[in-house]
Every structure is written in structure tokens, then in C-alpha cells.
Amino acid sequence: MASPGHKSPIVSPSHSLHAKASEGALSQAPLRSPAPPSLSRARAVALVATCTTAMVVNVSNSTAISISLPMIGRDINIPEDQLQWLLSAYALSSGCLLLFFGRLADLHGRKKAFVIGMLTQMVFALGCGFASSGITLDVLRGFQGLGAAAAIPSALGCLAHSFPPSRARTLAFSTFAAGAPVGGAFGIIVGGVVTQLADDHWRGTFFMAAGLSALTLIGGILSMSPDKLDWEADRRVDWIGAALVTAGLVLIVFVLGQGQIAPHQWRTPYIIASLVIGVFLVAVFLVWEHHLEKASSDPNRPKSIWTPPPLMKLSLWSRAKGRVAVVLAIAFLNWAGFLSWSLWAQLYYQNYLGLSAIHTMVRFIPMFITGILCNFFVALVVARLPLVIFAVSGTLITAGAAVLFALINPSATYWAFGFPSTVLIVFGADFVYSAGTIFLAKIANHGEHSVVGALFQTMTQIGTAFGLTITTIVFDRVVSTESANMGVTLNSDASNAPAAADLKGYRAAQWTSAAFALLAAIMAALFLRGVGIVGHERHREPRDSDETIAVLHRSQDTTRETALVKETVA
């Protein structure tokens, strides 16, 4: 591994004006890392397209199913209060195993991990399409999430390794980031179209996911360079840390997803016990990782099965003067706002306005188009503006999109509130994701690109679960209070709530989404100043003008004449 303490600013030389402001804010990866493979333009494009499609598949696996839940329940007789498990099973496995699979990808090969991950998604998506019972579908969804947990960190690692700091890397990461909002919109579009046909056509969403996974699998095999493993690196796996963090995160995400719908909600005994145990396991994991990092830094300490390299170095959070921790916290909060906006916007259209799945889908099409356009915009400006501009503007744009929905007038046209909100939310998500992943790729040392990408993705996943939980609590409380004020006693599923109470609940949920993003904006403004530019300009070789060539020739002639004079005198 690289020598600890070898750090220097990594701001691009083309941005010397920002060098003093950002000196020490970013640390450079060790110089001993092998040179990235040389890629042709066609192969580079194919690699970026493959990794981005993997992100699209990952996000659409949730959004396509969320819009299909009522049809799935009716077709295979799943009780309404159990439908949420079709989403929770995927989120649990895909979100809680990211760190573990990211570490395995760095140790044993990113291409191998990516191929296995996409193969897993393809096989179990097919299985979901043929499932005939709720329990079978839940289990298969859990295994499908394992594939996403392996594919996404390895995709980020492949991009970071294949593209050295350059304009090409900037474009690659901004394109990959666009895969999240594009995938969300794509899932809603596919789910809306397929399920509009008939109840049993929900299986087509899984077959579509299997087909896309197969194409992405083939793309990974053809476009990714063969894995070149560092056989000198310590390849032991921190199995204890992996078990602690996975179990802890599973329990925490489980509580966040089920706390509000448990028999006695948050007072339910198994909810309280799961939360306490989950937090305890994560705390033990952090202590264990600190112990392993301290042990691995002692060169005189003999190797032992009890002291493998840490799954995640805690010092990673304090790199760049603690800015890494700030970026991860901003990603957590911004994704809490972004995905909460998506859920409540969809429910507003379907449940409050009573729109069909196909009409709801049409209102999310701007996300798909804007995501593609936003990719080019970010690629153009990320090399010209400092990180703080992207973080502050991205979080403020996310907040603005939520505020538009919080102020929505149901009688107004879609173009007044819904359309601008849908366009803005994509820019907010893409700004934060692109700049954040490029920043983390810069501070990552050799051999930890996938695990750093996994850490960023883990924070967004937990942020999503946290945001959905808090906004659901706010929605339920507001609807309950407003219904009581109107003299209505709600039934068990609140289906008899007055429309006015529901509207206030939707607005309150969106105000909460905006609050998450505004808190992230404040953090960015306070703590990310001085980081500098994280993107890269295109480096152009200087061209010699006619005047420069003439001066060069005169200089060469003078040198030859001087040499001839010296030879004559001698």
C-alpha cells in the first residue's frame, strides 16, 4: 500500500488561480498505483454507457415496481400492508452490502464484481417475472438487490481507474451521475406503460429489467479492461467488520422502512429492539475499524487473521480537512430530499388527483430528457467552478423543486408547478452527485476506488430511507390532525381522510423534503469553501505560430554559428 502521509494538493494545474485557496484541501492518490489502461474513444464511450446503464437499471428497479405495487397485490393476492416489502427487500440488500462488495471489488477485480453483479440482477429479475406468491417475490427481490450492491461500486471503481484526472473523467462521472434521475424517470415510464395494459402485465417490468441487465452484462464484458490485481497488496478480508456493518445497516434500514407501519408504529417492541441493536452494531463496527487501521499502520506488527486491513478506513472521513465527511453528509441530506420529492409527487398525482399510471408517467418524462441535457451541462461547467458552487446550487435547486410542490395549486396547470419542479429536481441531484463522486475519486488512494464509491452510494441509500421515513411521519401526522379538526375519525388505512387534509399532508411532506436540502446547502456554504475546482479542463498542446517558428530557427542558427566560431578559435 502507499506510504501514509504522502499528500499534496491535487487541484488541476490549469487552475493555478485556485491552488492557494484549495491547498491542502484535497490529497493526491499515491504515485505507486499502476497506470490506467489506454482506451480508444469507442471503448471509452462504451464503458461510460455500460456503467451509466447499470445505474439506470439499479434505480429503475425500485421506481418501476413502486408504480406497479397495486397491480402486483391484486394479481398474486399480497395484502396491502405487505406490499412495501417488495421495495424494502431490494433496498435492504442493495444498500447494506455496498461497502462489503466494494471492498471485494477492489481486492479481487472490479470487472469480475461488475459481471457477477449484473448476472445476478438478470437471473433474479427473470425469477421475479415468473413468481407466483408474495413470499417468493420478496426473496427474489432480495437476491436481485445483491447484484446491484456488487455492480454499482465496481462501476464507480472502473470509471475512476480507467480515466485518470482529466476532462474525460469529468464527463464520465457526470454521465454516470445522470443515470440516477434518468433511471428514476425511466422506471416510472416503463412501470406506467406496462401496468396500464392489464394487471398481469406487471411481470413485464421484471422482464425489461432482465433484458437491460443482460445488455449491461455484455457491455461490461466487452468494454471493461481485464482486471490487473496488485498481488503485493494485503488481500485479507475484514469479515468481522463486514458482518457488523451489514447486520447493523440491515436493522436500521428495516426500522426506517417498517417503523411507521408496524402494529404499534414506533412503540412496537421489535422496532425499538431492532433500532437499538442496529445502532449498537454500527458503533461496534466503527470501533473495530479504528482498531484495524491502527494495527495496519504498525509495520512491526505480525499479520494475523484478527487484524486484516480495515473494510473502511475511518481516516477517510477526515481527509481533505474533514471535507469528505461534509460531502457524504450533503449527499445523505440531498438524496433524502430528492427521493422524498419523487415519492410524494407520484402519490400526489395518483392518489390525490386520481390520475392513471400512464398519465402519471407522462408527467415524469421531463426528468428523463432533463437528465440527458444536464449531463452535458455539468460536463461543461464542472471544470470551471469550485465544488462549493455545485454543492450549494445543487442543494438549493433540490429545495426549490420541493418548495414548488409544497405550494402547488391543484387547479393550476401542470406547467405552472409540476413541470418546473420536475426539471429542477434533476439538476439538483446531478450537481451534487457528479461533483461529489469526482471529488471522492480524487482523494481515494490506489486500491480503494470501489469502496469509496460504495461509501458514497451507501450514504445516498440510507439518506433515501431516512428521508422517506421522516416525510411519511410528517404526512401521517398532518393528515391525522387536519382530519380531526374537520371532525373525521380516520380508519386503519386513512382511506377516508378528507381531500383537504390529504393536500396539506402532501404539502407538509414536500416542505420537509425542502428542509433536508436546505440543511445540506447550509453545510456546503459553511464547510466547502476553499476546496477549489474538482473537474478538469481539456489539456491542449500549444501550437507554434509562424513567428515562434522563425524565432526558434534564428536561435538554432545562432547556436550553430557560436559553435563554429569556438571550433575555429580552437
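Student: Which residues of helix α4 are buried?
Tutor: This is a predicted model, in which local features need pLDDT of at least 70 and side-chain atom pairs count only at pLDDT 80 or more, while totals for chains, interfaces and linings use all residues. Residues are numbered from 1 along each chain as its sequence is written, and side-chain values use heavy atoms, with hydrogens and water left out. Buried means under 20% relative accessible area, exposed over 50%, and partly exposed in between (1.4 Å probe, protein chains only). By that rule, the buried residues of α4 are L86, L87, S88, A89, Y90, L92, S93, S94, G95 and C96.

Student: How far does α4 reach from its first C-alpha to its last?
Tutor: Helix α4 covers residues 85–96, which is 12 residues, and 10 of these 12 are buried. The expected span of a helix is 1.5 Å times one less than its number of residues. For α4 the expected value is 16 Å, and the reach in the model is close to it, at 16 Å.

Student: How many helices and how many strands are there in the chain?
Tutor: Helices (H or I, at least four residues) and strands (E, at least two) are DSSP runs, numbered from the N terminus. Of the 570 residues of the chain, 53% count as buried. The chain has 19 helices and zero strands.

Student: What share of the contacts with a separation of 6 or more joins residues 24 or more positions apart?
Tutor: Contact means heavy atoms within 4.5 Å. Among contacts in the chain with a separation of 6 or more, the share from residues 24 or more positions apart is 82%.

Student: Are α15 and α18 roughly parallel or roughly antiparallel?
Tutor: Axes are lines fitted to C-alpha atoms, for helices over the stretch in contact, and angles run from 0 to 180 degrees between N-to-C directions. Helix α15 (residues 387–406) packs against helix α18 (residues 499–527) at about 165°, with the axes 8 Å apart. That angle makes α15 and α18 roughly antiparallel. The cut-offs are under 35 degrees for roughly parallel, 65 to 115 for roughly perpendicular, the rest for oblique, and over 145 for roughly antiparallel.

Student: How do the residues of the contact of α15 with α18 divide by class?
Tutor: Residues of α15 including V388, L396 and F405 meet residues of α18 including R507, W511 and L518. Ala, Val, Leu, Ile, Met, Phe, Trp, Tyr, Cys and Pro count as nonpolar, Asp, Glu, Lys and Arg as charged, and the others, Gly among them, as polar. The contact of α15 with α18 divides into 17 nonpolar, four polar and one charged.

Student: Which residues does Q510 touch, not counting those up to four places away in sequence?
Tutor: Q510 is found in helix α18, and its relative accessible area of 1% makes Q510 buried. With residues up to four places away left out, Q510 touches W341, W344, A345, A402, F405 and A406.

Student: Is the crossing of α6 and α9 left-handed or right-handed?
Tutor: The axes of α6 (residues 110–129) and α9 (residues 203–223) come within 8 Å and cross at roughly 160°, and the two helices are therefore roughly antiparallel. A crossing is left-handed if the near helix is turned anticlockwise from the far one by less than a right angle, and right-handed if clockwise. The crossing of α6 and α9 is left-handed.

Student: How far is R203 from S68 in space, C-alpha to C-alpha?
Tutor: R203 lies in helix α9 and touches residues including D75, I76 and C128. R203 and S68 are 135 residues apart in sequence, and their C-alpha distance in space is 9.4 Å.

Student: Is K321 buried or exposed?
Tutor: K321 lies in the loop between α11 and α12, and its phi is positive, near 60°. A320 is in that loop, has a phi near 55°, and is buried with a relative accessible area of 6%. K321, at 63% relative accessibility, counts as exposed.

Student: How far apart are the end C-alpha atoms of α12?
Tutor: In α12, 23 of the 30 residues are buried, and the helix is followed by G354, whose phi is positive, near 70°. The 30 residues of α12 should span 44 Å at 1.5 Å a residue, which agrees with the end C-alpha distance of 42 Å.
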